[in-house]
Amino acid sequence: MQFKKYLPLTLSALCLVASSLAAQAEETIKVGVVAAFSGPFADYGKQIEGGIKAYMHQYGDKVAGKKIEIIIKDTTGPAPDVAKRLAQELVIRDKVDFLAGFGLTPEALAVAPIAEQAKKPMIIMNAATSIITTKSNYIARFSMTLPQVSGPMATWAIKNNIKKVVTLVADYGPGIDAETAFKTNFVGGGGSITESIRVPLRNPEFAPYIQRIKDAKPEAVFIFVPAGEQGVAFMKGYRERGLAEAGIKVIATGDLTDDHVLPAMGDATLGVITTFHYSAAHNSPENKAFLKNFAEANPGTGRANFMAVAAYDGMAAIYEVSKKLNGKIDGDKVMAILKGLKMMSPRGPIMIDPATRDIIQTVYVRKVEKVGGELFNVEFDKFLDMKDTGK
Ligand code: PHB
């Protein structure tokens, strides 16, 4: 009796829930974020999520009348297979409109075929091996490429009378790109590279390599290691083995003196020269607003780094295309808008190259200095409108 009485009510209640769920789905633009949030590269996910939160804190969570929904997936990486499975879930089960994140090259490469097959725009917020954007027509990169930032380091070194260098890079895509681009400009400019050292991506033990560098007696060592703890470990070894006293300078891509870990790197880092697209010390109103919003949206996270900026800019692009498409997201239409898109980033002006979907931006030369008692990468020279040179 009771059951009968309630059945029609229950059914109509169910219908109500179902239709409101459908309406909700229609009113949402979903962004699936794939990155490492645990394991040795956990900071990458945190910086990327931090940049996304900073943007949404500043501009709100609605665009074109729709709510932006962020779905976070932890690869625990580097774990390309996990990244691929998570991206598949995001596309099939969660029905995301955008794939985003990607701190590590192997994970971005593993997901590229899914973006291609599902026609989902894939917004790269860090992974920086040149070749990535060639792996799907649905990829656009808002971070950097290693050739883009490494070539200028060699050009600067030659101009500043550094003629003999040892290179040390992480032995995977971005490291090999960095080594190649540095070598091209350095040897092309009349310099010589006496040794090229490649170190494992996972847990490199730097001490023996640092001794090799000391024995080779170069004027400088050029470094690319993935941002974070590895830079801290390298600089510790550099200090302990007395390389500065032996007259060996450090030149590097800005991954080494990543803003997030720089305050913990100590005074041995003073004077290190790097080339990069972003410094927390960049003096612009856009950067001030970014840093303020990052701090407010991410209390206790520490200093924002380049990954947070790329994520913030990637979100700006997602908002821009969503606005232009009036909230109706279509992969091909999104890509048509992203090609040639120009924006003012906290790092300076950026543009997505319509031919390659890679970023065009200023690459700055910086020196580690103390500002207000804290270590910063202080910009003192720049290379304008740099494209990726690795393809
Ligand atoms: C990458 O895996 O592409 C990568 C990781 C860390 C960096 C730069 C590039 O600092």
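The largest cavity of this predicted model lies between two domains, because domain 1 (29–144 + 283–357) and domain 2 (147–276 + 364–386) both give residues to its lining. Those domain bounds come from an automatic or database domain assignment. What do we mean by a cavity? On a 1 Å grid over the protein atoms alone, it is a set of points where a 1.4 Å probe fits but cannot get out, and lining residues have an atom within 4 Å of a point. Rolling a probe the size of a water molecule over the atoms shows where empty space is left.

About 100 Å³ of space lies in the largest cavity; such a volume is the space filled by probe spheres set on the grid points, which are joined across faces, edges and corners. Its lining has 17 residues, and Gly103, Asn126, Tyr172, Phe224 and Asp255 are the closest to its centre. Sorted by class, the lining has 13 nonpolar, three polar and one charged residues. Here Ala, Val, Leu, Ile, Met, Phe, Trp, Tyr, Cys and Pro count as nonpolar, Asp, Glu, Lys and Arg as charged, and the others, Gly among them, as polar.

Before going on, a word on the ground rules. Residues are numbered from 1 along each chain as its sequence is written, and side-chain values use heavy atoms, with hydrogens and water left out. Because the model is predicted, local features need pLDDT of at least 70 and side-chain atom pairs count only at pLDDT 80 or more, while totals for chains, interfaces and linings use all residues. pLDDT is the predictor's confidence in each residue, from 0 to 100. The protein averages 94, and 93% of the residues score at least 70. Over residues 1–9, however, pLDDT stays under 50, and the model has zero contacts there beyond four places in sequence (contact means heavy atoms within 4.5 Å).

Now back to the two domains. Their C-alpha centres lie 27 Å apart, and 21 residues of domain 1 are in contact with 23 residues of domain 2. The second largest cavity, with a volume of about 30 Å³, draws at least three lining residues from each domain. Among the residues that line it are Asp43, Tyr44, Asp258 and His260.

Where does the largest pocket lie? It also sits between the domains, since both of them give residues to its lining. A pocket is an open set of grid points with protein on both sides within 12 Å along at least five of seven lines. This one has a volume of about 240 Å³. Of its 15 lining residues, Pro40, Phe41, Asn203, Glu229 and Gln230 are the closest to its centre. Helix α8 gives the most to the lining, with three residues; helices (H or I, at least four residues) and strands (E, at least two) are DSSP runs, numbered from the N terminus.

Next, look at the aromatic rings. Rings of Phe, Tyr and Trp (its six-membered ring) pair if their centres lie within 6.5 Å; planes under 30 degrees apart count as stacked, over 60 as edge-to-face and the rest as tilted. The whole structure has 13 such pairs. Tyr55 lies in helix α2 and Tyr312 in helix α10 (residues 306–324), so the pair ties together parts that are 257 residues apart in sequence.

Finally, visit two loops. Asn161, in the loop between α5 (146–159) and β7 (164–170), has a phi near 65°, a positive value in a residue other than glycine.
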